[in-house]
Amino acid sequence: MKAMILKELRLIGKDRRSFIFLLLMPILFIVMFGSVFNQGNGSSSLTLRTVDQDQTAASRALLGQMEGIMEVKQLPADSLNEQLTNMKQGQFSSMLVIPSGFEQAMKASKAANIKLYQDPASPTETAPIQAILSSISTQYREQKLTAMLMAQGQSKAQTEAALASPIQIENVSATSDHFDMIDQVVPGMTVMFVFFIMITMARRFFEEKKTGLLSRIRTTRIKPLYYLIGMWFPFMLTVIAQCVILFAFGHFVYGLKLGDIAALSAVIISLSIAGTGIGLGLSFLVPGEGAAMVITQLISMGGAMLGGLWVPSYLLPQTVQTIGHFMPQFWAQHSLQDIIAHGAHLGDVAGPALILLTFGLAGLTIAMLRLPGFLRSAAN
C-alpha cells in the first residue's frame with residue numbers, strides 16, 4: 001500500500017491538468033475577485049459629485065462637512081446641464097446641486113434648499129448618500145434650535161438636555177473588525193476548486209482500467225480495501241496541500257487573517273475527506289471520464305452558487321439558502337469564515353467539520369460497495 005501511495009503522489013505531481021485545476025485556476029480567480037472587490041483598502045467607497053452654484057462660505061462649509069464622510073468631487077458651477085446629461089447616460093448615479101442664494105437663505109433663517117439628483121435605477125448606491133445628507137440636515141437643525149434656546153436664556157447644559165434624544169443606539173460588533181471581501185473570496189475559491197479533484201480521481205481510475213493495471217491487481221494478493229486506501233490517500237494529501245497553498249497565498253498577498261490554526265487545520269482535513277470521499281464514490285458510479293467531468297462541474301459550480309462561495313449566503317433568496325444547507329460547500333465556507341472573521345476556535349467548528357466528514361464517509365462507503373464490481377469490469 002505504501003508503494004501505491006508513493007506511485008500515486010508521483011503521478012499527481014506530473015499531472016499538469018491537475019496543477020491547472022487545483023492551483024493555477026483558483027489563484028487566478030482569487031486575484032480576479034480580490035482585485036474587483038478589495039479595491040480601496042478600506043477607504044471611502046461613497047463618491048458624490050457636487051455643483052456649487054452659490055460659491056459662498058456657507059456652501060463651502062457644507063461641502064467641507066461632507067468631505068469628512070465621503071469623497072466629494074466638485075464640478076464646474078456652469079456645467080449643470082452637461083452633468084445631468086452624463087447622469088442620464090449612466091456615468092454616475094447621483095449629484096448634489098447647491099443653488100444660488102443658499103447662504104442668503106441661511107442667514108435669513110429660511111429654508112435653504114439643495115437638490116440631490118439621483119438615478120432611479122441605482123437605489124442601493126444613492127440610499128447611503130441620502131442617509132448622510134439627512135444626518136447633516138439634522139445637525140443643522142439642532143444648531144439652529146440650540147441658538148434659539150440660548151437666545152431665550154437657556155444654559156448650554158439645559159439646551160443639550162432639551163435636544164438629547166430619548167433613544168440611545170449602542171453599536172455592538174458581532175463579528176471581527178477586519179472583515180472584508182477577501183475573507184469571502186479566498187475561502188470561497190478554495191472550497192470551490194477543492195471539488196475539482198474529482199476529475200483527477202475519476203481520470204486516474206479509468207486510466208488504470210484501460211491500461212489493464214486493475215486486471216493485474218486482481219491477480220495479486222492486494223486486498224481491495226488496501227487498493228482503495230492506497231489510491232484515495234494521495235488525493236487527500238493533494239487537497240490538503242492545495243488548501244495550505246491557497247490560504248498562504250491569501251495571507252501573504254492580501255493580508256488574510258487566518259485565525260485559529262488548529263481550527264483551520266481541522267476544517268481543511270474534514271474538507272479534504274469530504275471532497276475526495278465524494279470523488280471516490282463518483283469514480284465508481286459514473287460510466288466514463290466524460291460523465292465524471294460533467295457531474296464534477298455540476299457539483300463544483302452548483303455547490304458554489306448554492307453554498308454561498310461567490311457571495312455571502314444571506315444575500316441569496318431564502319429558498320436557495322435552505323437548499324445550500326444540504327451542500328458540503330456551505331458547511332466548509334461557513335466554518336472557514338467563522339474562523340477567519342468571527343474568531344471561532346476548534347470547539348466552535350466541530351459541528352460543521354463533522355458534517356463534512358459525514359459527506360466524505362458517505363462517498364467512501366459507496367466506493368467500497370462499488371469497488372468489487374468496478375474491479376470485475378476491468379479489461380483482461
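1. In this predicted model, helix α4, formed by residues 80–88, lies across strands β2, β3 and β4. The direction of α4 makes an angle of about 160° with that of β3.

2. A further helix, α6 (residues 123–151), lies across β1 (47–52), β3 and β4. Relative to β4, helix α6 runs at about 170°.

3. The strands named above belong to an open sheet of four strands, with mixed pairing and the order β2-β1-β3-β4. The edges are taken by β2 (71–75) and β4 (115–118); each has a single partner strand, so one side of each is left without a neighbour in the sheet. From one strand to the next, the twist averages 25°.

4. Strands of a sheet pair through backbone hydrogen bonds, in either a parallel or an antiparallel manner. Here, β3 (residues 94–98) and β4 run antiparallel and are joined by four bridges. Within this pairing, Val97 has Lys115 in β4 as its bridge partner.

5. Attention may also be given to a pair of helices. Helix α12 (residues 261–283) packs with helix α15 (residues 328–342) at an angle of about 170°, and their axes are 10 Å apart. Because angles over 145 degrees count as roughly antiparallel, α12 and α15 are therefore described as roughly antiparallel to each other.

6. On the α12 side of this contact stand Ala263, Leu264, Val267, Leu271 and Ile278. They meet Pro328, Ala332, Ser335, Leu336 and Ile339 in α15. The residues of the contact of α12 with α15 comprise nine nonpolar and one polar, with no charged residue.

Methods
Residues are numbered from 1 along each chain as its sequence is written. This is a predicted model: local features need pLDDT of at least 70, side-chain atom pairs count only at pLDDT 80 or more; totals for chains, interfaces and linings use all residues. Side-chain values use heavy atoms; hydrogens and water are left out. Two strands pair if DSSP finds at least two bridges between them. Helices (H or I, at least four residues) and strands (E, at least two) are DSSP runs, numbered from the N terminus. Axes are lines fitted to C-alpha atoms, for helices over the stretch in contact, and angles run from 0 to 180 degrees between N-to-C directions. Contact means heavy atoms within 4.5 Å. Angles under 35 degrees count as roughly parallel, over 145 as roughly antiparallel, 65 to 115 as roughly perpendicular and the rest as oblique. Ala, Val, Leu, Ile, Met, Phe, Trp, Tyr, Cys and Pro count as nonpolar, Asp, Glu, Lys and Arg as charged, and the others, Gly among them, as polar.
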